[in-house]
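Colleague: Walk me through this model, please. I want to know how to read its features.

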Amino acid sequence: MNLEVEVIRRAVRDLHGAKQEQAESSLRYLNSESFIKDCKCSAIDSDWVKSEVYKAMREEGARRKYLINRLSNELINYS
């Protein structure tokens, strides 16, 4: 698997079920230039990922987990 894709997937997965510090670190990464660079290296639309993360973070509980898992699984296609 492409390292950049795996980093993005890990950041997305850490938004749910991880410790608060990990979730905050993931959000910082998803708003960083490093994230945009990693997306470009893997031909991933960074705005799409951010939009999907925003949708997931507006939800709570099982719905948030489902949306995050779905996004993580969709990112596999880019590896």
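Colleague: What should I know about the source and the numbering?

Modeller: This is a predicted model: local features need pLDDT of at least 70, side-chain atom pairs count only at pLDDT 80 or more, and totals for chains, interfaces and linings use all residues. Residues are numbered from 1 along each chain as its sequence is written, and side-chain values use heavy atoms, with hydrogens and water left out.

Colleague: Is I44 buried or exposed?

Modeller: Buried means under 20% relative accessible area, exposed over 50%, and partly exposed in between (1.4 Å probe, protein chains only). I44 has 6% relative accessibility, so it counts as buried. Across the protein chain, 35% of the 79 residues count as buried.

Colleague: Where does I44 lie?

Modeller: Helices (H or I, at least four residues) and strands (E, at least two) are DSSP runs, numbered from the N terminus. I44 lies in the loop between α3 and α4. A43 is in the loop between α3 (33-41) and α4 (46-57). At 63% relative accessibility, A43 counts as exposed.

Colleague: What about the phi of A43?

Modeller: Most residues other than glycine have a negative phi. Phi of A43 is near 60°, a positive value in a residue other than glycine.

Colleague: How many disulfides are there?

Modeller: A disulfide is a covalent bond between the sulfur atoms of two cysteines. The rule here asks for a pair of cysteine sulfur atoms within 2.5 Å. By this rule the count is zero. C39 is in no disulfide; its nearest cysteine sulfur, that of C41, is 9.3 Å away. C41 is exposed, with a relative accessible area of 51%.

Colleague: What is the overall secondary structure?

Modeller: The protein chain has five helices and zero strands. Its radius of gyration is 11 Å, close to the 12 Å that the globule rule gives for 79 residues, so the chain is as compact as a globular protein of that length. That radius is taken over C-alpha atoms, and the globule rule is 2.2 Å times the number of residues to the power 0.38.

Colleague: How do I read sequence separation in the contacts?

Modeller: Among contacts in the protein chain between residues at least 6 apart in sequence, 55% join residues at least 24 apart.

Technical notes
Contact means heavy atoms within 4.5 Å.
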